[in-house]
Amino acid sequence: MRHQSGSLALRACTALLLSALTGATLFSAAAWAQLPRRMHIIVPFPSGPIDISARVLAESMRAQTGIPVIVENRPGANGTIAAIAVKQAAPDGEILLFTSSGMLTISPHLYSNLPYDAAVDFVPVTTVGYSQAALVVGASVPARDLKEFVELARTTRAPYAFGSAGTGNITHGYIELFKDAAKIDLLHVPYKGITLAFTDVLNGQITGAFINLSIALPHLRSGKVKVLGLVGTARSALAPEILTLGEQGYTGIDFLSWTGIMAPRGTRPEIVNAIANAVSSALAPEAVKAQLLASGLTSWVVSAEAFSRTIKSESERWKKLIAEKNIRVE
C-alpha cells in the first residue's frame, strides 16, 4: 500500500504519456540492442518525490524501449542498503542505483565506515533531474523580503532557529552557506527528516528552513509561510516570480539536490551509453517533464562524462565545507 498514491498518479498519467509519445520519432529496436534484457532500478528511499520520479522515468522507458523496467525501494541506513545491493550486482546494466546527490558527494565525507566507495564502486550513467530548495520562514516573521530578514537576523538578541533534515544533510549545508553569505548567525536545529522541521516552521516553533519549493508553494499561497529566495542559479518554472538568493546578493548557495543513475563498477561503456540514451529519450516528452515537475523535480540529463565531473567537483566543495564547519555525525 505504501506506493498507492504514486501508483494512482502514474496510472492517471499513463494515457497522457503514451499520447505524447505517439507520432514521435522513437528509437528503433536496433538502437536499443546494447540495453540489458530488463532493468531493475533500486531507490534508496521510501515513497516520496524521489520514488515518484523514478517510477515516472521507468514508465516512460518501458513505453519507449519495450524493455521491462522495475523500480524497487530499499530504504535504510542512509542509502547504504541500496548501494550495497548495486555494488554487488553483476556489471551487465540490469541492476541500477537511482541515487541522490548526497549519497555521492556528502556522505563520503561524513561517514568513515561507508560500505561503498562512491568514486570506485559505481559508474555514472546520467543525471535525471534536480530539485530546488526555498528559504522559508514562518508567516509571523516581520520581514517582507530577504533583505529585511537579514537585517532582523543581525539585530536580534538571540539567533533565529533554522531546522534541517539532520546534521550533514544538504539542508544543513544550505544553512551554513547562507550564514556565510549573509554574515549572520543562525541556530541550527537538526531533525529526523525535513517534514518534521517544516511542521515546526508552520507551527512557529522555529523560524525557518530550506524546503523543496514544491512542498513550500501550497503553504506560501495559503499565507502560512514566506518564501524569501531560491537555492541555485536560475529561477524555477514552478514559481518564476521568486528570486534566487544569488539575484538578491547572497551568492555561493548554488548546490542543487539532484538524482542520477549509477551502474556497478565494470559495466561496459556501450551499455552505459545505451542506458543513458534510453533515459534521455524517456525524459524528452513534455508530458514526462510535467510529471516530474509536479513532484518537484526539473528534468536534467547530461552525459556520463559530465555527470562524473559534477560528482567530483561537488564532492570537493562539500568536503571543504564539512571540514571548515567541523560538521560531525554520530
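**Reading helices and sheets in a predicted model**

Me: How many of the 13 residues of α7 are buried?

Reply: Buried means under 20% relative accessible area, exposed over 50%, and partly exposed in between (1.4 Å probe, protein chains only). Eleven of the 13 residues of α7 are buried, so the helix is largely enclosed by the rest of the structure. Among them are Ile170, His172, Tyr174, Glu176, Phe178 and Lys179. This is a predicted model, in which local features need pLDDT of at least 70 and side-chain atom pairs count only at pLDDT 80 or more, while totals for chains, interfaces and linings use all residues. Residues are numbered from 1 along each chain as its sequence is written, and side-chain values use heavy atoms, with hydrogens and water left out.

Me: What should the 13 residues of helix α7 span?

Reply: Helices (H or I, at least four residues) and strands (E, at least two) are DSSP runs, numbered from the N terminus. The expected span of a helix is 1.5 Å times one less than its number of residues. For α7 (residues 170–182) that gives 18 Å, which agrees with the 18 Å between its end C-alpha atoms. Just after α7, lysine 183 takes a positive phi of about 55°.

Me: Which residues does lysine 325 touch?

Reply: Contact means heavy atoms within 4.5 Å. Leaving aside residues up to four places away in sequence, lysine 325 touches Glu176 and Asp180. Lysine 325 lies in the segment after α12 (304–324) and is partly exposed, with a relative accessible area of 27%. From C-alpha to C-alpha, lysine 325 is 10.0 Å from leucine 177, although 148 residues separate the two in sequence.

Me: What order do the strands take in the open sheet of six?

Reply: Strands of a sheet pair through backbone hydrogen bonds, either parallel or antiparallel. Two strands pair here if DSSP finds at least two bridges between them. The order is β2-β1-β3-β10-β4-β11, with mixed pairing. At the edges stand β2 (69–73) and β11 (298–299), each with a single partner strand, so one side of each has no neighbour in the sheet.

Me: At what angle do the axes of α2 and α10 cross?

Reply: Axes are lines fitted to C-alpha atoms, for helices over the stretch in contact, and angles run from 0 to 180 degrees between N-to-C directions. The axes of α2 (residues 49–65) and α10 (residues 269–282) come within 9 Å and cross at roughly 105°. That makes α2 roughly perpendicular to α10 (65 to 115 degrees; under 35 is roughly parallel, over 145 roughly antiparallel, the rest oblique). Residues of α2 including Leu57, Met61 and Gln64 meet a set in α10 that includes Ala278 and Val279.

Me: What order do the strands take in the open sheet of five?

Reply: The order is β7-β6-β8-β5-β9, with mixed pairing. The edges are β7 (186–190) and β9 (225–230), each with a single partner strand, so one side of each is left without a neighbour in the sheet. Neighbouring strands are turned by 35° against each other on average, direction ignored. Five bridges join β5 (residues 133–138) to β9, and the two run antiparallel; alanine 134 stands opposite leucine 230 in β9.
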